[in-house]
Amino acid sequence: MIDRTARRILTFSVLLAAACAGQGAPAETPAATAAGLSQQALADGWSYKFLESLTSEIGPRLAGTEAEARAAKWAEAQLKAAGMETHLETFPMTAWERGVETAAVVKPAPQRLVLTALGGSVATPPEGIEAEAVVFRSYAALLAAPLGSLAGKIAVVTERMVRTENGEGYGAANPIRRAGASEAARRGAVAYLHRSLGTDNHRLPHTGALDYAAGVPRIPAAALANPDADQLERLAALGPVTVHVTLTPTERQDAQSITVVGEVKGREKPDEVVLIGAHLDSWDLGTGAIDDGAGDAIVAGVGRLIAALPQHPKRTVRVVLFGAEEMDYSGAAYAKAHVAEADRIVAAGETDFGARRIYAVQLPLGAAASPFGHAVGDILPPLNVLLGHEPALRGGSDIEGLRLAGVPVLSLSQNGWDYFDIHHTADDTFDKVDSAELAQNVAVWAAIAYLAAETDVDFRALAKAAAR
């Protein structure tokens with residue numbers, strides 16, 4: 001008796017043979033077309049070349065800057081050349097740019113410290129800040145410190161981020177970067193440093209955005225490279241430590257960011273949209289290859305493959321390259337601009353976790369047991385991917401506003417074991433991306449996006465029925 005996995009592999013082989021035999025003719029079934037798209041993606045190097053070009057010809061793409069604007073113009077041209085109908089969407093934002101960032105131990109043992117300003121941080125005075133550093137080995141210890149106890153001091157949190165495959169360790173550690181500066185300021189600190197939210201041991205600090213709390217003094221904030229956080233721990237164990245920090249970032253209030261959109265119009269239901277996205281902006285330390293140039297390359301590659309089909313799917317496939325994700329504007333800005341059509345976006349997904357292999361897929365609530373879910377389940381095993389039993393709960397920050405507006409989301413799980421070794425660092429460069437792994441991502445996304453656009457399944461109705 002043939003087990004379910006063997007049956008699916010046999011099904012995929014038969015469908016793929018049928019798709020290949022068509023020699024350009026429309027596939028007989030949606031599953032055959034999806035199988036053919038996956039096979040093309042595995043053999044096609046277009047997305048890898050897209051990423052190489054983006055990270056080389058444009059480079060870093062800090063939100064609200066001239067570089068992001070160049071990236072948007074470049075990306076629109078790429079999507080248009082790939083066969084999609086394109087347009088740009090702009091929205092206002094406050095742009096933040098890095099300046100000088102230096103730090104050193106003044107005493108007891110003078111030495112340089114490696115750090116980087118957090119996105120949105122205010123500047124120090126031009127001469128910098130010199131003060132005693134108070135080291136907390138956990139964020140909880142900082143929160144337990146009495147109000148006023150850090151008056152005139154520099155607060156330093158050295159809690160380590162836990163390495164996990166799915167990125168859960170980053171989520172758990174995120175308040176250290178997001179809220180730490182304001183919590184330190186509540187206790188009187190004049191500056192805030194924390195161990196980078198990263199799992200490496202290199203002297204390459206990890207940047208990222210912070211959130212200043214209303215009604216609390218805004219103090220300069222930066223992330224220490226992991227070995228430098230270790231050094232401060234050792235010095236603090238020996239006695240008082242004095243640190244000097246200089247940060248000179250600037251802000252521009254009248255900036256704008258740009259989201260790039262490419263569409264493959266549906267042949268029967270063009271007003272119903274399957275949205276797949278990634279964010280085009282990046283931090284400025286590296287060239288934004290894994291975060292999130294790889295995601296851009298994946299969804300652009302999917303759009304290109306579907307646009308080249310002799311028969312487009314029933315629903316529209318919309319590729320969205322979001323602007324200003326790193327500074328927390330993208331999700332809310334897109335949802336606000338598209339609130340009127342939210343009920344026509346039938347499903348949304350986002351790829352923003354590098355380019356390591358996908359190992360599992362989570363569909364909208366109730367969808368796994370539908371004909372669409374069965375079709376997806378038959379396509380995945382040859383790609384070495386599991387169909388998850390649990391539904392997708394969140395799709396990513398770029399589409400969070402849509403999810404809150406009721407749009408069903410799907411989520412694809414990737415191997416993120418080493419993602420936070422280079423995330424938000426100067427080491428986020430093109431050479432870190434494996435072409436075969438990137439192609440596997442395109443293959444999985446292409447099959448799922450096509451099937452979602454070709455099906456007549458109502459994902460909202462399925463979710464309501466499953467929730468009863």
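Trainee: Which residue is the bridge partner of Tyr192 in β8?

Mentor: This is a predicted model, and in it Tyr192 is bridged to Ala221 of β8. The strands concerned are β7 (residues 191-195) and β8 (residues 221-224), which run parallel and are joined by 4 bridges.

Trainee: What makes β7 and β8 a pair of strands?

Mentor: Two strands pair if DSSP finds at least two bridges between them.

Trainee: Which strands form the open sheet, and in what order?

Mentor: The sheet has 8 strands in the order β3-β2-β9-β5-β6-β7-β8-β4, with mixed pairing. In general, strands of a sheet pair through backbone hydrogen bonds, either parallel or antiparallel.

Trainee: Why are β3 and β4 called edge strands?

Mentor: Both β3 (111-113) and β4 (115-117) pair on one side only. From one strand to the next, the twist averages 30°. Helix α8 (residues 226-238) packs on this sheet and touches several strands, among them β2 (101-107), β5 (129-136) and β9 (241-247). The direction of α8 makes about 130° with that of β3.

Trainee: Why is α11 called roughly antiparallel to α14?

Mentor: Helix α11 (residues 371-379) and helix α14 (residues 435-454) pack at an angle of about 160°, their axes being 10 Å apart. Angles over 145 degrees count as roughly antiparallel, so α11 is roughly antiparallel to α14. The crossing of α11 past α14 is right-handed.

Trainee: Which residues of α11 and α14 meet?

Mentor: From α11 come Phe372, Ala375, Val376 and Ile379, and from α14 come Ala447, Ile448, Leu451 and Ala452. By class, the residues of this contact are 8 nonpolar, no polar and no charged.

Trainee: How do you know that α2 is also roughly antiparallel to α14?

Mentor: The axes of α2 (residues 30-43) and α14 cross at roughly 160° and come within 8 Å. Once more the limit is 145 degrees, and α2 is therefore roughly antiparallel to α14. This crossing is right-handed.

Trainee: How many nonpolar, polar and charged residues has the contact of α2 with α14?

Mentor: The contact has 13 nonpolar, 3 polar and 1 charged residues. Among those that meet are Leu37 and Ala41 in α2, and Ala443 and Tyr450 in α14.

Trainee: Which peptide bonds are cis, and what is omega for each?

Mentor: The bond from Lys107 to Pro108 is cis, with omega near 15°, and Pro108 lies in the loop between β2 and β3. The bond from Asp291 to Asp292 is also cis, with omega near 0°; Asp292 lies in helix α9 (residues 289-307).

Trainee: Why is the phi of Ala324 worth noting?

Mentor: Most residues other than glycine have a negative phi. Ala324 is not a glycine, yet has a positive phi of about 60°. Ala324 lies in the loop between β12 (315-322) and α10 (330-337).

Notes. Residues are numbered from 1 along each chain as its sequence is written. This is a predicted model: local features need pLDDT of at least 70, side-chain atom pairs count only at pLDDT 80 or more; totals for chains, interfaces and linings use all residues. Side-chain values use heavy atoms; hydrogens and water are left out. Axes are lines fitted to C-alpha atoms, for helices over the stretch in contact, and angles run from 0 to 180 degrees between N-to-C directions. Helices (H or I, at least four residues) and strands (E, at least two) are DSSP runs, numbered from the N terminus. Angles under 35 degrees count as roughly parallel, over 145 as roughly antiparallel, 65 to 115 as roughly perpendicular and the rest as oblique. A crossing is left-handed if the near helix is turned anticlockwise from the far one by less than a right angle, and right-handed if clockwise. Contact means heavy atoms within 4.5 Å. Ala, Val, Leu, Ile, Met, Phe, Trp, Tyr, Cys and Pro count as nonpolar, Asp, Glu, Lys and Arg as charged, and the others, Gly among them, as polar.
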